Amino acid sequence: MRTTPNKTGKNVRPAKKYTQSRLAVGSSPSKFVKCPKCEMPYSPNSTRDIAAHKSFHDLVLKGRKWQKKWGVAVLPASNEITSSIHSSHITEGIFKVRPDNLQEVNAMMEIMTMVNNELHAPQDENTFWMEEDITGAAFVYVKGDRAVGAVTMEGLDDTRGRWMIYRSQKIVPKVLPKFELGISRIWVCRTQRGKNIATKLLEAARANTIKDRVVSKQFVAWSQPTDAGGKLASKYNSVKHKSGELLLPCYI
Ligand SMILES: CC(C)(COP(=O)(O)OP(=O)(O)OC[C@H]1O[C@@H](n2cnc3c(N)ncnc32)[C@H](O)[C@@H]1OP(=O)(O)O)[C@@H](O)C(=O)NCCC(=O)NCCS
Ligand SMILES: [Zn+2]
């Protein structure tokens, strides 16, 4: 996420299209309430606003509806993680989005729009998983009838890798490590966080982005991690420098 200002992941705001729908009904702003859970402002007197809020609320808290036939099922790199997915009593799995399937791409884009709004990130960083000359891929974690998590991965050239000092969030100057895959966006819906879903998505992504090759964890880099993203990164693939500092593999 190269040009993201203020990407803390804390100041959540709703996807633009929902904000616009409330403005269109002509209600006075003073009648708006803000949902404490999804933080969307809406007018409780407007049927349209109520419907728009429910849709956004469910997306943020429970994920995007996902049809059974969408995507190609993929397995994570680690066996331990595979067995934990299979032992669950709920239908659960990780699916790769097919760039030539419009319904899958549109559903993924809806997730990405909401995620980018939440992260204050640019909306136009999707070409690598959905257009011609693809260097990356998009994956969703499906639980029941919803995509509850998503990740987009991009191929990196040798110029983009950097080390970030975890404690200070500063980039180490004059060092250009070579990483192969970049985590462009990673997201898990609010009610499913803390259940290892992001980790499983990353395990699947490094095994299924480049054809017939599993990319080692140490060659997977992060794009300006948020607070939560940094914590996930520190657990997933940080390295300890001889100075004692924890370094995160990042890219610009
Ligand atoms: C960051 C995010 C994807 C993590 O998803 P998740 O499914 O909860 O992550 P996991 O359960 O796989 O986390 C694995 C480990 O990472 C660390 N971790 C992840 N999120 C953390 C958090 N918010 N606080 C502290 N540690 C965290 C923990 O060590 C955790 O292992 P543990 O629970 O056994 O201690 C999720 O919080 C999210 O979607 N946040 C909003 C979007 C965002 O910030 N994305 C990151 C962009 S860089
Ligand atoms: Zn809400």
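Colleague: Which residues touch the most other members of the largest nonpolar core?

Modeller: In this predicted model, the largest nonpolar core has 55 residues, and Phe139, Val140, Ala150, Val151 and Leu201 touch the most other members.

Colleague: What makes these residues a nonpolar core?

Modeller: Members of such a core must be buried and joined through C-beta atoms within 7 Å, so the name rests on burial and on distance. In soluble globular proteins, nonpolar side chains tend to be buried together.

Colleague: Which residues does Val140 touch, leaving aside those up to four places away in sequence?

Modeller: Val140 touches Trp66, Gly71, Phe95, Val97, Met108, Ala147, Gly149 and Ala150.

Colleague: How do you know that the length of helix α2 agrees with its number of residues?

Modeller: Helix α2 covers residues 47-62, which is 16 residues.

Colleague: Why are the buried residues of α2 said to line one face?

Modeller: The buried residues are Asp49, Ala52, His53, Phe56, Leu59 and Val60. Seen down the axis of α2, they fall within an arc of 130 degrees, so they line one face of the helix. Thr47 and Ala51, on the other side of α2, are exposed.

Colleague: What makes up the shell around ligand 1, by class?

Modeller: The shell has 9 nonpolar, 6 polar and 4 charged residues. Of the 19 residues around ligand 1, Arg193, Ala198, Thr199, Gly229 and Lys231 come nearest. Helix α7 gives the most to this shell, with 5 residues.

Conventions: Residues are numbered from 1 along each chain as its sequence is written. Chains are lettered from A and ligands numbered from 1 in the order in which they are written. This is a predicted model: local features need pLDDT of at least 70, side-chain atom pairs count only at pLDDT 80 or more; totals for chains, interfaces and linings use all residues. A residue is near a molecule or strand if its C-beta atom, placed from the backbone, lies within 6 Å of it. Helices (H or I, at least four residues) and strands (E, at least two) are DSSP runs, numbered from the N terminus. Ala, Val, Leu, Ile, Met, Phe, Trp, Tyr, Cys and Pro count as nonpolar, Asp, Glu, Lys and Arg as charged, and the others, Gly among them, as polar. The expected span of a helix is 1.5 Å times one less than its number of residues. A residue is buried if 20 or more other C-beta atoms lie within 10 Å of its own, exposed if 12 or fewer, and partly exposed in between; C-beta atoms are placed from the backbone. The arc is that of the directions from the helix axis to the C-beta atoms. Two residues are in contact if their C-beta atoms, placed from the backbone, lie within 7 Å.
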